[in-house]
Number of protein chains: 2
Amino acid sequence: MGIVERKEREKAEMRRKIVDVAVRMFVEQGYEKVSIRNIADKIEYSPATIYLYYKDKDQLLYDVQTEAFDSLYKAFAEQVTSSDPFERLEQLAYAYLDFAWKNPELYDLMFIIKAPMNAIAEEEKWKGGDDSYNALVNLVSECVEKKLIRQNDPALAALSMWAFAHGFVSLQLRGRCQKATGYTEEEMPDVIRRAVKEYLQLIKA
Amino acid sequence: MGIVERKEREKAEMRRKIVDVAVRMFVEQGYEKVSIRNIADKIEYSPATIYLYYKDKDQLLYDVQTEAFDSLYKAFAEQVTSSDPFERLEQLAYAYLDFAWKNPELYDLMFIIKAPMNAIAEEEKWKGGDDSYNALVNLVSECVEKKLIRQNDPALAALSMWAFAHGFVSLQLRGRCQKATGYTEEEMPDVIRRAVKEYLQLIKA
DNA sequence: CAAATATACTAAACAGTGTTTAGTTTCCAA
DNA sequence: TTGGAAACTAAACACTGTTTAGTATATTTG
């Protein structure tokens, strides 16, 4: 009797439905304007139903986050194609920036907002973004091995690169870059791209 | 008749009282746990009274932010003392990191959280952090002039440095660094300090 | 000085939030 | 067919930021 299997499948489908509309609503309206009631309305269930599938809002956000990290990893896979490791590093950086400008609300949820990290404290281990970050670490490791960059600690070099990119993105997403530099919002992505290129030139062996 | 002056003074005193306890509560309990009602309770007025002195919560947060930026600037003034411009740049960076580790909740409010920036859109110009950022830009400009660093665009070099430091701090404050590197939370400030030092060595002429 | 007015303040309400409880309906197994 | 589990929800709870209407208090005016 495949009833328990079907029930499990239905449960999984319902979760899918919930995170799907949650993701869409986040992308369209931004984190702050999406409430459990809004989501419940959209999927035509009562708010309480969502709590049958998610312990709390943070747990739901955690799943939304995971979804977003998948998108980022997909973007990496598509845009990081060069045969030269250092060039791949460049492509990875640009793909990261691109993702941020195209999905600012998702970026918020993945890296800036506090909320979903509360759920993670309870998790065994935070797997979110692991694939993407590993891609960076592996790439940097390769560059270190082949002496393409000046640093020699891959872990620290990778973290530094991430911090540099993330710093720019998060300042930009909060409107700080324009206030600081006087560039317009449209110009900034290009300015940041140049700054990241400059950084890569600095670390180039 | 100094009555209007007294009234104005009293109005200013009340505002002081409000932002003072607001700052204290932010530092102690964090942004998310401080409500208008909490603040009102602490100063022993009704919540509605706060709205006689602040248009909305964002406007109050803006004042709290300004307060926090003053503290940062003070930290700069105290810790940036060397006669050598490049060394001063180093001191500035370390002072920035120090401030973040000592006042994580204030840092959140100043640079990470969305909230007070809503108020700023309405302001003529965002003066928050202007002094501190100008200190950085001036310092970087001096370094560029004296050819102490390899970059030649002071605006971009300053922004890059800020982005680098802010990237580390904001990743760290969201627990991302530990998850990524495996270092403990206590070790991270030191690791980040090393990374920043490495960056400064990279840009050193 | 008394009346009129402006100011300071608040109780109560409004509309929203995340979440829980208690109760109903639906479905499956014995 | 009936007993019990599972799915679902209406309503409530305890919050949030904010507004409204009304009450005291202080100041100005006749």
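1. Which element gives the largest share of the lining of the largest pocket? In this predicted model, that share falls to α8(A), which supplies six residues of the lining.

2. The pocket itself holds about 390 Å³ of space. Its lining is made up of 27 residues, and those closest to its centre are S132(A), Y133(A), N134(A), L136(A) and W162(A). Two or more lining residues come from each of α4 (57–79), α5 (85–102), α8 (130–145), α9 (154–173) and α11 (188–203) of chain A, and α10 (176–181) of chain B does likewise, a point to keep in mind when inspecting chain A by itself.

3. Turning to the pairing of the chains, 39 residues of chain A are in contact with 40 residues of chain B. The area buried between chain B and chain A comes to about 3,800 Å², and carbon and sulfur atoms give 65% of that area.

4. The rule for salt bridges finds two of them across the interface of chain B and chain A. K114(A) and E105(B) meet through their side chains in a salt bridge, with a distance of 3.8 Å from N to O.

Key
Residues are numbered from 1 along each chain as its sequence is written. Chains are lettered from A and ligands numbered from 1 in the order in which they are written. This is a predicted model: local features need pLDDT of at least 70, side-chain atom pairs count only at pLDDT 80 or more; totals for chains, interfaces and linings use all residues. Side-chain values use heavy atoms; hydrogens and water are left out. On a 1 Å grid over the protein atoms alone, a cavity is a set of points where a 1.4 Å probe fits but cannot get out, and a pocket is an open set with protein on both sides within 12 Å along at least five of seven lines; lining residues have an atom within 4 Å of a point. Grid points are joined across faces, edges and corners, and a volume is the space filled by probe spheres set on the points. Helices (H or I, at least four residues) and strands (E, at least two) are DSSP runs, numbered from the N terminus. Contact means heavy atoms within 4.5 Å. Buried area is the accessible area (1.4 Å probe) that two parts lose on being put together, summed over both. A salt bridge is a side-chain nitrogen of Lys or Arg within 4 Å of a carboxyl oxygen of Asp or Glu.
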